[in-house]
Amino acid sequence: MRSVFGSFAAWGPGDGDATVQTAPSARTLSIPCENHPFRWAGSDSPTLSIKGTGNTLIVATSQQKKSQMGEATITMKAIVVTDRAAGTAGMTLVERPAPQAAINDVIVQVHASGFVGTELAWPSTWTDRLDRDRTPSIPGHELAGVVTALGYGTTGLSVGQRVFGLTDWHRDGTLAEYVAVEARNLAPLPGGVDFTVGASLPISGLTAWQGLFEHGRPQAGQSVLVHGAAGAVGSMATQLAREAGAYVSCGSEH
Ligand SMILES: NC(=O)c1ccc[n+]([C@@H]2O[C@H](COP(=O)([O-])OP(=O)(O)OC[C@H]3O[C@@H](n4cnc5c(N)ncnc54)[C@H](OP(=O)(O)O)[C@@H]3O)[C@@H](O)[C@H]2O)c1
């Protein structure tokens with residue numbers, strides 16, 4: 001299937017996940033979508049059909065929201081923001097086109113997502129790297145979930161793998177059913193770690209790691225003072241410093 005329908009490969013389930021029924025005389029493929037990585041809004045069992053007419057492929061689904069010749073739009077639920085002044089009150093649940101994996105990306109089905117309120121003040125939530133408006137944008141940049149598709153050239157991760165990590169500040173984020181993220185920004189999530197725990201770790205954990213090991217460079221036996229040790233960053237720094245063999249002293253407001 002991948003070799004024949006290259007443009008479909010990024011959307012498809014893992015090799016062998018779906019039963020492909022062929023009808024050569026009609027030059028039509030019908031693919032049951034129960035195992036498709038994207039969830040479907042309706043209760044009936046959707047089918048994705050690829051029909052050949054001459055040199056043209058027509059891709060259609062039984063629950064297609066919008067159709068053009070040669071193009072199907074597969075949707076997902078996502079939270080978007082469009083109004084910078086509205087704050088969190090402007091966060092709206094909508095249907096959005098599901099993301100496709102670019103080179104070196106994976107698509108992750110999001111099981112848990114981390115959102116930081118201050119994201120709505122970050123310029124990257126509203127504009128791309130050329131400072132162009134990119135709304136409606138999907139906030140949330142921490143995630144834990146399962147890989148459902150690989151982009152061209154992606155290595156190091158596989159379909160079905162549990163992962164956690166960070167998404168690019170300037171790309172659509174994780175308050176959505178699916179997200180496209182560079183594989184290098186993800187790490188395998190051990191089977192014994194809940195998705196919610198995994199999604200809570202990346203930003204505060206990496207902040208603590210950076211402060212502690214890239215700037216502080218503690219040696220075993222040294223003393224480390226962690227301010228705000230009961231907070232998100234402080235609790236990570238405390239555990240990491242202890243793990244590195246430091247003597248840890250903690251401070252907090254109360
Ligand atoms: N969370 C992140 O991923 C992240 C990323 C980058 C940068 N930061 C920055 O890192 C800092 C901590 O963030 P956080 O997310 O860990 O915040 P947090 O979860 O709200 O924790 C803040 C901690 O600071 C303590 N604290 C507050 N006022 C204090 C005072 N006057 N003296 C001593 N301790 C005080 C609090 O003590 P109590 O527990 O007693 O209230 C609490 O333990 C912030 O400046 C934040 O902007 C955070």
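Begin by selecting Phe 213 in this predicted model, where the residue is partly exposed, with a relative accessible area of 23%. Trp 209 and Phe 213 form an aromatic pair of the edge-to-face kind, with 4.6 Å from centre to centre and 65° between the planes. Both belong to helix 3 (residues 202-216), and because they are 4 residues apart there, about one helical turn separates them.

Now widen the view to the sheet, an open one in which 5 strands follow the order 12-9-10-11-13 with antiparallel pairing. Strand 12 and strand 13 (186-188) stand at its edges, each with a single partner strand, so one side of each has no neighbour in the sheet. From one strand to the next, the twist averages 45°. Helix 3 packs on this sheet, where it touches strand 10 and strand 11, and its direction makes about 60° with that of strand 11.

Select strand 10 and strand 11 next, which run antiparallel and are joined by 5 bridges; look for Leu 143, whose bridge partner in strand 11 is Gly 165.

Then move to Arg 162, which lies over the face of Phe 195, at 4.5 Å from the ring centre.

For the last stop, note that the whole structure holds 2 aromatic pairs, and select Trp 122 and Trp 169, which form a stacked pair with 5.1 Å between centres and 25° between the planes. This pair links distant parts of the chain, 47 residues apart, with Trp 122 in the loop between strand 9 (105-114) and strand 10 (142-150) and Trp 169 in the loop between strand 11 (162-166) and strand 12 (178-182).

Definitions and conventions
Residues are numbered from 1 along each chain as its sequence is written. This is a predicted model: local features need pLDDT of at least 70, side-chain atom pairs count only at pLDDT 80 or more; totals for chains, interfaces and linings use all residues. Side-chain values use heavy atoms; hydrogens and water are left out. Rings of Phe, Tyr and Trp (its six-membered ring) pair if their centres lie within 6.5 Å; planes under 30 degrees apart count as stacked, over 60 as edge-to-face and the rest as tilted. Helices (H or I, at least four residues) and strands (E, at least two) are DSSP runs, numbered from the N terminus. Buried means under 20% relative accessible area, exposed over 50%, partly exposed in between (1.4 Å probe, protein chains only). A charge sits over a ring if NZ of Lys or CZ of Arg is within 6 Å of the ring centre and within 35 degrees of the ring normal. Two strands pair if DSSP finds at least two bridges between them. Axes are lines fitted to C-alpha atoms, for helices over the stretch in contact, and angles run from 0 to 180 degrees between N-to-C directions. Contact means heavy atoms within 4.5 Å.
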